[in-house]
Amino acid sequence: MIQNIEVILADVPTIRPHKLSVATMNTQTLVLVRVVCADGVEGWGEATTIGGLNYGEESPESIKVNIDTHIAPLLIGMEASQVAKAMAKIRKIIQGNRFAKCAIETALLDAQARRLGIPLSELLGGRVRDALPVAWTLASGYTAKDIAEAETMLEKRRHRIFKLKIGARPLAEDVKHVLAIKKALGDAVSVRVDVNQAWSELEAVQGIAALEAGGVDLIEQPVRAENMAAMARLAQRYAVSIMADEALHGPQDALAFANASAADVFAVKITQSGGLIPAAQVATVAQLSGVSLYGGTMLEGGIGTAASAHLFSTFADLSAGTELFGPLLLTEEVLQTPLVYKDFMLHVPTGPGLGVDIDMDKLARLRRK
Ligand SMILES: O=C(O)C[C@H]1C=CC(=O)O1
Ligand SMILES: [Mn+2]
């Protein structure tokens, strides 16, 4: 039986300012959900977002209020092992709130996998790989700093795929910045850009042409999420891969995008999709439609990152890799044992459930009072 649901906010400084076209992050607010069951089993989930309300329509504070006030009371007393039944009730009664739903579903699935003594990946259909390629985002705002950061990552054998955040500055400046980094890092390295919706279609036409010619591999969400028609025109116009991110709010959007041939790659995010199961459906739609997959992040800490890793380990195709580096952007680790990043890969935990555990003393110090 589901006995208690607690939502914890913890503000953790980032290792350096992280500059996106929609926000500059100096801290990340972890939104953690703890579900306690009557049989003594506990599950954890995460609903972390980026930049308060700058990126998505749920804020850390709204997620906490909505779970505490509207979602938890619907679940208390329900059978904890019947995760699908619990989630069907929430999805029927509660509109929107995909991040909140994701955290709840993750915690219930974590608890159930622990109960069964199996890794979460096995409850999600079974892993086909034990380690995931993991990109790093260069977003200091300075070209020379970004190049030095990338070189350190290459030396440490931590990352060899780099995503650059652009769209805040004039197009010509952004193009110059990206091409300077690509030139410095060379052909053995994959350089990608994320515009976070900042360009008009005309800017995208001009920007993508220059970036493609300079050897950039992938263009993420160049135009507004709502503008599926522009995404389709860009995807058809250019050979370089066009990826949808903010446009995908679950399986229904994925189906519309696939039907419109509006992206070459989908960034699958468990929170944006509304949970692990809907995120798996987004991946299924992609695979049935010939769209490639990328494992996305909302820069979550260890819980959300582990949950995402378990799901992405089950994807038959993961040709664009992942960006599950969230915990590495933070100055504080909330897990008892950190996730393993080695030889350009994130290793998927092997223990029961998420296979990671919260350091409760650490969290007690970090949590918002
Ligand atoms: O992809 C996004 O839009 C959000 C996020 C993921 C990595 C990163 O640096 O920012
Ligand atoms: Mn993105």
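Strand β2 (residues 24-37) pairs with β3 in the antiparallel sense, over five bridges. Two strands count as paired if DSSP finds at least two bridges between them. Strands (E, at least two residues) and helices (H or I, at least four) are DSSP runs, numbered from the N terminus. This is a predicted model, in which local features need pLDDT of at least 70, side-chain atom pairs count only at pLDDT 80 or more, and totals for chains, interfaces and linings use all residues. Residues are numbered from 1 along each chain as its sequence is written, chains are lettered from A and ligands numbered from 1 in the order in which they are written, and side-chain values use heavy atoms, with hydrogens and water left out.

**The hairpin.** β2 and β3 form a hairpin with four residues between them. Gly40 sits in the turn and has a positive phi of about 90 degrees. Across the pair, Leu32 stands opposite Glu46 in β3. Four of the five residues of strand β3 (residues 42-46) are buried, so β3 is largely enclosed by the rest of the structure. Buried means under 20% relative accessible area, exposed means over 50%, and partly exposed lies in between (1.4 Å probe, protein chains only).

**The seven-stranded sheet.** Seven strands form an open sheet in the order β5-β6-β7-β8-β9-β10-β11, with parallel pairing. The edges are β5 (136-138) and β11 (292-295). Each has a single partner strand, so one side of each is left without a neighbour in the sheet. The twist averages 30 degrees from one strand to the next. For such angles, axes are lines fitted to C-alpha atoms (for helices over the stretch in contact), and the angles run from 0 to 180 degrees between N-to-C directions. Within this sheet, strand β6 (residues 161-165) runs parallel to β7 and is joined to β7 by five bridges. Lys165 stands opposite Asp194 in β7.

Asp194 lies in strand β7 (residues 190-194), and Asp245 in the loop between β9 (241-244) and α9 (251-259). This pair links distant parts of the chain, 51 residues apart. Asp194 is buried, with a relative accessible area of 0%. Asp245 also counts as buried, at 1%.

**Ligand 1.** Ligand 1 is surrounded by 15 residues, and the closest are His18, Tyr55, Thr137, Lys163 and Asn196. A residue is counted here if one of its heavy atoms lies within 4 Å.

| Side chain | Distance to an oxygen atom of ligand 1 |
|---|---|
| Thr137 | 2.8 Å |
| Lys163 | 2.8 Å |
| Asn196 | 2.8 Å |

Taken alone, ligand 1 exposes 280 Å², and the protein buries 100% of that. Accessible areas come from the Shrake-Rupley method with a 1.4 Å probe.

**The three-stranded sheet.** A further open sheet has the order β4-β13-β12, with antiparallel pairing. β4 (131-133) and β12 (340-342) stand at the edges. Neighbouring strands of this sheet are turned by 30 degrees against each other on average, direction ignored. β12 pairs with strand β13 (residues 345-347) over three bridges. Here Tyr341 stands opposite Leu346 in β13.

Terms used
A polar contact is a pair of N or O atoms within 3.5 Å; within protein, one must be able to donate a hydrogen and the other to accept it, and residues adjacent in sequence count only if both atoms are side-chain atoms.
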